[in-house]
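Please look at the sequence and the structure first, and then read on.

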Amino acid sequence: MYLTTEEEKIYNGEYGKTLAQCMQILAALGEIYDADRLIQIKSVQVAGVSYKTIGDAGLEWISGLHGRVVVPSILNPAGMDLKNWRKMGIDRAFAEKQLEIVSAYKRLDVRCECTCTPYHIYEEFAGFKEHLAWSESSAVSYANSVIGARTNREGGPSALAAALIGKTANYGLHLDENRVPTLTVKVEGRLHDADFGAVGNIAGPTVKDQVPLFKFKTIPSPEELKQLGAALAASGSVALYHVSNVTPEAKTYPDPVESISIDKKSIDSVYARRCTPDLIALGCPHLGTKELFELANLLKGRTVKKELWIFTSRRLGERHPAQIAAITNSRAKVFYDTCMVVSPASERFECIMVNSGKALHYVPSMCGVPAVLGTTEECIKTALH
Ligand code: F3S
């Protein structure tokens, strides 16, 4: 991979050890994936934040870095609400380690607003055809597919390296030729809400890392696309999909000849109940404004009888105090900076009900708790009875 004279100087340590390490990470990735050069990026989203997932080794690595990020950079969810961790039942030892991780990122000037939906709070982070270095899989999928921005799924260290250098290697989904759909997925039935996450869970294992083109009978909303992409990335490793007549690049390419079909019966079967929920957890990926308003409407003036946890970004919560009040007045709990998957707090429950295909996939493997899927309305109904 070609490096400019300046990039070579960084690589060789003329600007210090941290930048040299970062440049070496980017160059190594560029070599592996046959990139021609480094390209400027608009923003970075850094995964590898929860102490539950990165442990002491991750903390040590981040703490050893020096310098400041040179492009807007934001963190993925941490293992707890950074202020309200006691209310989640997090123990002090975990909390101290988690706060240390966040402080280490803060020293590098990363925005410590821990969210997997940065596009809900900072529209300027990702625009059509802009290059990014994002790492959380649902955020990557949304940026590529719904916004039409360009990012590979970065690992935590490569995202952070990109943030400190301001560039990433030009390969994979940064290139037009890798954004062409290769498989058509025809979906039967009229779908809404969590159905799109269910479709993602069904399609993911077949699609794997291909670029699918979906043909739906109903037009999905951005929130439903968010659910589709999150589930596709979790159950397969899809980082980009197109939806006929909906997503911005769908028209650019011819329909792939190879196709698969998903019928309504298989979508309905994803909702099969395997256990009785004692926690209902919504907000995977983190809720956006429209979803927050919807939940506030469903909960206003009512009282939940089961634990209901709602996850969104702190910034969005601060923007919509009336909706947060409507939710918390119902005795539901709103948590920021974290989620039901990356926090150890969910592990003490027997069965978790979610409206997200991604959470349905990861709650059992990451938290050791069985999960069931319901639509948003079904989830609220379960919490109220
Ligand atoms: Fe986000 Fe956690 Fe789901 S990071 S996509 S809410 S698993």
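## Where the ligand lies

Because domain 1 (5-175) and domain 3 (273-384) both give residues to the shell around the ligand, the ligand lies between them; the domain bounds come from an automatic or database domain assignment. This is a predicted model, in which local features need pLDDT of at least 70 and side-chain atom pairs count only at pLDDT 80 or more, while totals for chains, interfaces and linings use all residues. Residues are numbered from 1 along each chain as its sequence is written, and side-chain values use heavy atoms, with hydrogens and water left out.

## The shell around the ligand

Among the residues around the ligand are Pro77, Cys116, Glu136 and Lys358, where near means that a heavy atom of the residue lies within 4 Å of the molecule. Strand 10 (residues 279-287) gives the largest share of this shell, three residues; strands (E, at least two residues) and helices (H or I, at least four) are DSSP runs, numbered from the N terminus.

## Two packed helices

Helix 9 (residues 222-235) packs with helix 14 (residues 357-367) at an angle of about 35 degrees, and their axes are 7 Å apart. These axes are lines fitted to C-alpha atoms over the stretch in contact, and angles run from 0 to 180 degrees between N-to-C directions.

## The whole protein

In total the protein has 15 helices and 14 strands, and its C-alpha atoms fill a box of roughly 65 × 55 × 35 Å, taken along the principal axes.
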